[in-house]
Amino acid sequence: MSKSKEIIAKDKQYYATSGRIPYYPLVIDHAKGAQIIDADGKKYIDLLASASALNVGHAPDRVVAAIKEQTDKMIHYTPAYMYHQPVADLAEKLAEISPGNFTKKVAFGLSGSDANDAIIKFARAYTGRQNIVSFEQAYHGSTFGSLSMSAISLGMRQKIGPLLPGIYHIPYPDAYRGLYGETEPRSAEGYLQVFKSMTENYLPKEEIAAVVVETIQGDGGLLEPVPGYFRALADFCHANGILFAVDDVQQGLGRTGTWSSIEHFDVEADLIIYGKSLAGGLPLSAVVGRAEIMDGLQIPGHVFTTAANPVCCQAALATIQTIEEDNLLQASTDKGAYAKKAFTDLVNKYDFIGDVRGIGLSIGVDIVSDRQSKSKDSQAALKICNRAYEKGLLMIAVAGSVLRFQPPLVISYEELDQTFTILDEVFTELAN
Ligand code: PMP
């Protein structure tokens, strides 16, 4: 039996099934940059970056050094009772790099999920209102609050209800397909109308605390919004005392070429949350928001014993330093444009590619059975991923038919070229 098979057999015996979305029988042994080596020595190019949790790549030098140094000094003391410098430095840094021309404060957690729960708490406490609006097909996480805001999977929700009350879902303003089987997207106002009519019929707007958005809807299929939608939505929110909150757990910290993905949309968010890549892969999340909102929760309204761990905070500071010093925001923009051009060249060769979309290195490639109807071809997308995997590319499909292209921002142009050579081969096989 290969080493990988042995490890997987043991894992299947002891690891609870609910914690895995089965994909490849890949046992990762070690990794650097955008390269992964499995337990049997086979190499892969990582186009998934651990679900966008490794924007600065695998084992980045500055992050590894910062972790080692901090581990020798002090592994942890809970910030609930005492102070330490790494968390003060990180809070200051996050307030500085996050967009928004106002005084900010920061709260910390351990995962994207708890940061989403935090949005619900901070927004309810500050506004004195109960209801939260999020989007259909959103993925916000696995805790009860974040799960209640998610609307993407039956399996996530079955058998565990009741979920949190006061959560409503509106359609994401998909720029490729329209609503519920419509092939053409609606206008920004057309999408917004669905929300507005909810507020006119059964959801009083003066009882809504916050609207929570993923700018590019990640797990929902790397969907891009129609132009002007978020601006119009934020205007509507602010005219009605509703907070505008951004879940930047997947799209933040350079994934789209900016610190926060909301910077592409000419909107000021009241709250932004980060997770995943924040500490280079260690568990850390942050809520950055207007100071008055962040101080609106009673003590001890948002405390986790191991949050803001100094090792994770140092890893986060080194991650941000790496993005700054290695110009990774620009790299995301440039390599994103390079990859988009390469995919667009493939569109001209293969008519099963329905759409190539995204910003920076957050790209979705929608595989369709025909371009007219835009019908999703999930089977073809799965075949592409499986064949690419056999040839050394690590990529998955989301929302059934959408190839998720989110490599570490440090991927080299050589690795990108290798990727597109392999994808061209895989697409040719599928076409024949
Ligand atoms: N928000 C978004 C947009 C995400 O993509 C995810 C993870 N896929 C989460 C929140 C949840 O993060 P975590 O798994 O770290 O709890």
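Trainee: How many residues of domain 1 are in contact with domain 2?
Mentor: This is a predicted model, where local features need pLDDT of at least 70, side-chain atom pairs count only at pLDDT 80 or more, and totals for chains, interfaces and linings use all residues. Residues are numbered from 1 along each chain as its sequence is written. An automatic or database assignment gives domain 1 (3-59 + 327-431) and domain 2 (63-325). With contact meaning C-beta atoms, placed from the backbone, within 7 Å, domain 2 contributes 27 residues and domain 1 contributes 31.

Trainee: Which element supplies the largest share of the side of domain 1 that touches domain 2?
Mentor: Helices (H or I, at least four residues) and strands (E, at least two) are DSSP runs, numbered from the N terminus. Among those supplying at least two residues each are helix 2 (49-52) and strand 11 (353-359). The largest share, five residues, comes from helix 12.

Trainee: Which helix gives the most to the shell around the ligand?
Mentor: The shell counts residues whose C-beta atom, placed from the backbone, lies within 6 Å. Of its 17 residues, Ser111, Gly112, Ser113, Val249 and Gln250 come nearest. Three residues, the most from any element, are given by helix 5 (residues 112-127).

Trainee: What is the handedness of the crossing of helix 13 and helix 14?
Mentor: Ala380 and Lys383 are among the residues of helix 13 that meet helix 14, where Ile422 and Leu423 are included. A crossing is left-handed if the near helix is turned anticlockwise from the far one by less than a right angle, and right-handed if clockwise. For helix 13 and helix 14, the crossing is right-handed.

Key
Two residues are in contact if their C-beta atoms, placed from the backbone, lie within 7 Å.
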